[in-house]
Every structure is written in C-alpha cells, then in structure tokens.
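Please open the model in your viewer and keep the selection panel at hand.

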Amino acid sequence: MAEKVEIEGTNMRTDGSWTMFSTVRTGGGDIAFDPDVKAGSVFKMRLRNAMQGEPHDVFSDTVTWDDGEHGRKTLATEVIDGTQFTIDALSTDGATRFTGTLFISD
C-alpha cells in the first residue's frame, strides 16, 4: 500500500535553474507525485540521493507536467527500500511554489 505524503515546495528559484529541497524522505518501491498546484505552466521534478557521504546524485528521470497537464506521474520505480531522497523542482515561468501528494509504495 502506498504511503501518501502531502508536500509543499516554496521559495523556488526564478532564474530557470533547479531548486534542491532539503527535506529528506525515506522509502522504496515506486515513487510518484500528483500536483495540486504546479509551480508554473511547465513544471519539472526529479529525485536526488540524500545519503550522507554520497555525492547526492539525481537517481530519477526528469518528469514534466506541461501546460494544461495534471495528474499523478511516476518519478522512479523499483527504488531500493530505505533509500533516503530529496526532491528537486524546476519552473519555467518563475512561479515559486508547488503543492501535491507524494506516493511512496514499498
């Protein structure tokens, strides 16, 4: 069964570069996101390794919600149980906030 976590990202960069959030989450299996409020008409998200001592590598593909597009999308599949990760997000039109539900299934 998927764990549902309501998340919010604020103070996103407005210069078109990735904002790397610091909240660490732990999970495994499939990880998906369903945005309620997208930060911009084109909104992108990816997952990054948050383990101490690791190089903080991005381990998921970049997932994009285009203009007018809504709904849940899978960020990563078959994530090793216990993986600690953070979220990176990018807005193409300068919006600084997003909200939604993160689904983590083991």
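**Charges over rings and an aromatic cluster**

Begin by selecting Arg72 and Phe103: Arg72 lies over the face of Phe103, 3.5 Å from the ring centre. A charge counts as over a ring if NZ of Lys or CZ of Arg is within 6 Å of the ring centre and within 35 degrees of the ring normal. Next, select Arg46 and Trp18, where Arg46 sits over the face of Trp18 at 3.9 Å from the ring centre.

The model is predicted, so local features need pLDDT of at least 70 and side-chain atom pairs count only at pLDDT 80 or more, whereas totals for chains, interfaces and linings use all residues. Residues are numbered from 1 along each chain as its sequence is written, and side-chain values use heavy atoms, without hydrogens and water.

Now select Phe21, Phe33, Phe43, Trp65 and Phe98, which ring pairs link into a cluster. Rings of Phe, Tyr and Trp (its six-membered ring) pair if their centres lie within 6.5 Å; planes under 30 degrees apart are stacked, over 60 edge-to-face and the rest tilted. By this rule there are 5 aromatic pairs.

Phe33 lies in strand E3 (residues 25–37) and Phe98 in strand E7 (residues 98–105), so the pair ties together parts 65 residues apart in sequence. Strands are DSSP runs (E, at least two residues), numbered from the N terminus. Phe33 is buried, with a relative accessible area of 0%; buried means under 20% (1.4 Å probe, protein chains only). Phe98 is also buried, at 2%.

Technical notes
Helix = DSSP H or I, 4+ residues; strand = E, 2+ residues; numbered from the N terminus. Buried < 20%, exposed > 50% of the residue type's maximum accessible area, 1.4 Å probe, protein only.
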